[in-house]
Amino acid sequence: MHWLSRSTRCVIKSIPLWETSSAKGSTGNGDLSDLARIEETCDHPVDLFKTWHEERRRYKPNAPDACCLATTSKDCKVSARNVILREFDNDGFVILTDSRSRKIDDVENVPYAAMCYLWFYINDQGQKIMKQVRVEGVMKKLEREQFRHLYDREPLFCKIRSHLCEQGREVKWDELKQRHDEILDSVRRKENDLPMPEHFVGYKLFPSMMEFYFARDYLIADRILYRKDASNNSWEKHRIAA
């Protein structure tokens with residue numbers, strides 16, 4: 001997964017638990033309580049996302065870059081699934097998928113969608129960190145040249161899956177296995193270079209709202225809400241209760 005575009009300094013701090021007045025009066029773990037605080041200086045929410053994302057990768061480098069993507073069908077039925085974030089920039093968040101999938105049928109009819117990232121890890125001080133980022137906005141299909149580089153660097157099994165599977169279609173395992181082995185054999189004989197299929201598509205969520213949630217140990221969470229002002233393409237931010 002790649003971050004694109006500018007690099008902007010964004011400072012995030014939290015109040016150490018042992019420095020707060022509530023913690024100083026504590027007699028044991030059972031009666032600890034205080035408020036977490038996001039000390040942020042980011043005017044653009046994607047800059048804050050980048051900072052949080054890099055910290056999560058530092059503590060959990062092998063965890064997948066996954067998020068829950070929620071969509072709505074034309075008959076108002078909501079569905080959600082985990083997807084892999086492929087790259088992001090100041091404009092939005094890119095995923096790859098099968099154009100024949102339910103999610104794409106949803107966004108082609110109702111383009112509004114939501115992503116949710118949930119990160120939990122223990123930092124160098126042994127503190128239990130939980131962060132959540134919610135993103136809402138419009139999903140738009142990308143031109144093929146905008147995501148071809150993402151397909152080109154896919155591992156072999158992902159490229160085979162793109163040629164093998166029609167996402168969501170009922171299958172018989174034995175037939176799928178036979179077809180898989182035929183494709184794999186053709187690749188090994190250098191008869192098939194697995195070009196990017198027509199149904200392999202990229203979509204980008206362009207956010208109009210981003211919300212950041214931070215909690216730690218016994219600290220009650222803090223939240224920052226960003227909303228985009230479409231009239232001038234700027235962002236307004238507010239602190240909201242957990």
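Leaving aside its neighbours within four places in sequence, which residues is P111 in contact with? I will come to that after a word on the model.

What we have is a predicted model, where local features need pLDDT of at least 70, side-chain atom pairs count only at pLDDT 80 or more, and totals for chains, interfaces and linings use all residues. Residues are numbered from 1 along each chain as its sequence is written, and side-chain values use heavy atoms, with hydrogens and water left out.

Now P111. Beyond its neighbours within four places in sequence, P111 is in contact with G137, V138 and M139, contact meaning heavy atoms within 4.5 Å. P111 is found in the loop between α3 and β7. Helices (H or I, at least four residues) and strands (E, at least two) are DSSP runs here, numbered from the N terminus. At 28% relative accessibility, P111 counts as partly exposed. On that scale, buried means under 20% relative accessible area, exposed means over 50%, and partly exposed lies in between, with a 1.4 Å probe and protein chains only.

Strand β8, residues 128-141, and β9 pair in the antiparallel sense over 13 bridges; two strands pair if DSSP finds at least two bridges between them. β9 also runs antiparallel to β6, and 6 bridges join the two. With β10, residues 219-229, β9 pairs in the antiparallel sense over 7 bridges, and there F212 has I224 as its bridge partner. How many of the 17 residues of β9 are buried? The number is 14, so strand β9, residues 200-216, is largely enclosed by the rest of the structure.

Next, the cores. A nonpolar core is a set of buried Ala, Val, Leu, Ile, Met, Phe, Trp, Tyr and Cys residues joined through side-chain atoms within 4.5 Å. The largest one has 35 residues, of which F49, F93, M115, Y117, V133 and F212 touch the most other members. At least two residues of this core come from each of α2 (45-59), β3 (66-72), β6, α3, β7 (112-122), β8, β9 and β10. β9 gives the largest share, 6 residues. Apart from this core lies another, of 14 residues, among them V94, F147, V187 and L194.

Two backbone points. Most residues other than glycine have a negative phi. K190 is not a glycine, yet has a positive phi of about 60°. K190 is found in the loop between α6 (173-188) and β9, and at 77% relative accessibility it counts as exposed. The other case is D217, with a positive phi of about 50° although it is not a glycine. D217 belongs to the hairpin of β9 and β10, which has 2 residues between the strands. With a relative accessible area of 34%, D217 is partly exposed.

Then the charges. The structure holds 21 salt bridges, a salt bridge being a side-chain nitrogen of Lys or Arg within 4 Å of a carboxyl oxygen of Asp or Glu. Is the pair R56 and D65 buried or exposed? R56 counts as buried at 3% relative accessibility, and D65 is buried too, with a relative accessible area of 11%. In their salt bridge the closest N and O atoms are 2.7 Å apart. R189 forms a salt bridge with E191, the closest N and O atoms being 2.5 Å apart. Here R189 is partly exposed, with a relative accessible area of 43%, whereas E191 is exposed at 56%. Salt bridges that share partners also join D98, R100, E166 and R169 into one network.

D98 forms a salt bridge with R100, at 2.9 Å between the closest N and O atoms. At 5% relative accessibility D98 counts as buried, while R100, at 35%, counts as partly exposed. D98 stands opposite F200 in β9. The backbone oxygen of D98 is reached by the side chain of S101 at 2.7 Å. S101 itself sits in the loop between β6 (92-98) and α3 (102-109), and at 3% relative accessibility it counts as buried.

Conventions
A polar contact is a pair of N or O atoms within 3.5 Å; within protein, one must be able to donate a hydrogen and the other to accept it, and residues adjacent in sequence count only if both atoms are side-chain atoms.
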